Amino acid sequence: QVQLVESGGGLVQAGGSLRLSCAASGRTFNSYARGWFRQAPGKEREFVAAITWSGGSTYYSDSAKGRFTISRDNAKNTVYLQMNSLKPEDTAVYYCARTLTSYNLVSGLLYDYWGQGTQVTVSS
């Protein structure tokens with residue numbers, strides 16, 4: 001099976017930056033894309049960003065565009081989420097997930113493996 005482990009979360013002031021990592025182990029060669037989702041207390045889980053493993057095509061939510069950057073290191077089986085200009089509304093648990101699909105990457109229903117999540121807290 002595939003295992004995903006997120007790291008890099010923490011407490012940061014508004015306007016600051018954090019870099020999240022998602023390391024994968026197992027049979028990751030079957031992965032087509034990797035995505036980042038987040039969930040704040042009392043809110044539904046939402047899509048943040050995704051990247052295809054082979055071509056490196058990226059996709060972002062409207063809230064992430066211009067502030068967040070998703071990237072990958074194929075050799076390390078690791079995906080990153082560079083978050084800049086953080087806002088209090090970015091506070092959430094961030095999850096990494098993988099999918100075998102090449103479409104509808106914003107839908108969490110198409111991801112079959114998820115990490116445990118890492119907490120990101122942005123103070124005002």
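Asp112 is partly exposed, with a relative accessible area of 39%; that label covers values between buried (under 20% relative accessible area) and exposed (over 50%), using a 1.4 Å probe and protein chains only. The model you are looking at is predicted: local features need pLDDT of at least 70, side-chain atom pairs count only at pLDDT 80 or more, and totals for chains, interfaces and linings use all residues. Residues are numbered from 1 along each chain as its sequence is written, and side-chain values use heavy atoms, with hydrogens and water left out.

The side chain of Asp112 meets that of Arg98 in a salt bridge, 2.7 Å from N to O. A salt bridge here is a side-chain nitrogen of Lys or Arg within 4 Å of a carboxyl oxygen of Asp or Glu. Arg98 is buried, at 5% relative accessible area. Five salt bridges are counted in this way. Another joins Arg38 and Glu46, also at 2.7 Å, N to O; Arg38 is buried at 5%, while Glu46 is partly exposed at 36%.

Next, look for Arg67 and Asp90, whose side chains form a salt bridge (2.7 Å, N to O). Arg67 sits in the loop between β6 (58–60) and β7, and Asp90 in the loop between β8 and β9, so their pairing ties together parts 23 residues apart in sequence. Strands are DSSP runs (E, at least two residues), numbered from the N terminus. Both partners are buried.

Now turn to the disulfide, defined as two cysteine sulfur atoms within 2.5 Å. There is one by this rule: Cys22 and Cys96, with sulfur atoms 2.0 Å apart. Cys22 belongs to strand β3 (residues 18–25) and Cys96 to strand β9 (residues 92–99), so the bond ties together parts 74 residues apart in sequence. The torsion about the S-S bond is about -80 degrees, so this disulfide is left-handed. Cys22 is buried at 0%, and Cys96 is buried at 0% as well.

What does the largest nonpolar core contain? It has 25 residues, and those with the most contacts inside it are Trp36, Val48, Phe68, Val79, Leu81, Met83 and Tyr94. Such a core is a set of buried Ala, Val, Leu, Ile, Met, Phe, Trp, Tyr and Cys residues joined through side-chain atoms within 4.5 Å. Its largest share, four residues, comes from β3. Apart from this core lies another, of seven residues, among them Phe47, Ala97, Leu105 and Tyr111.
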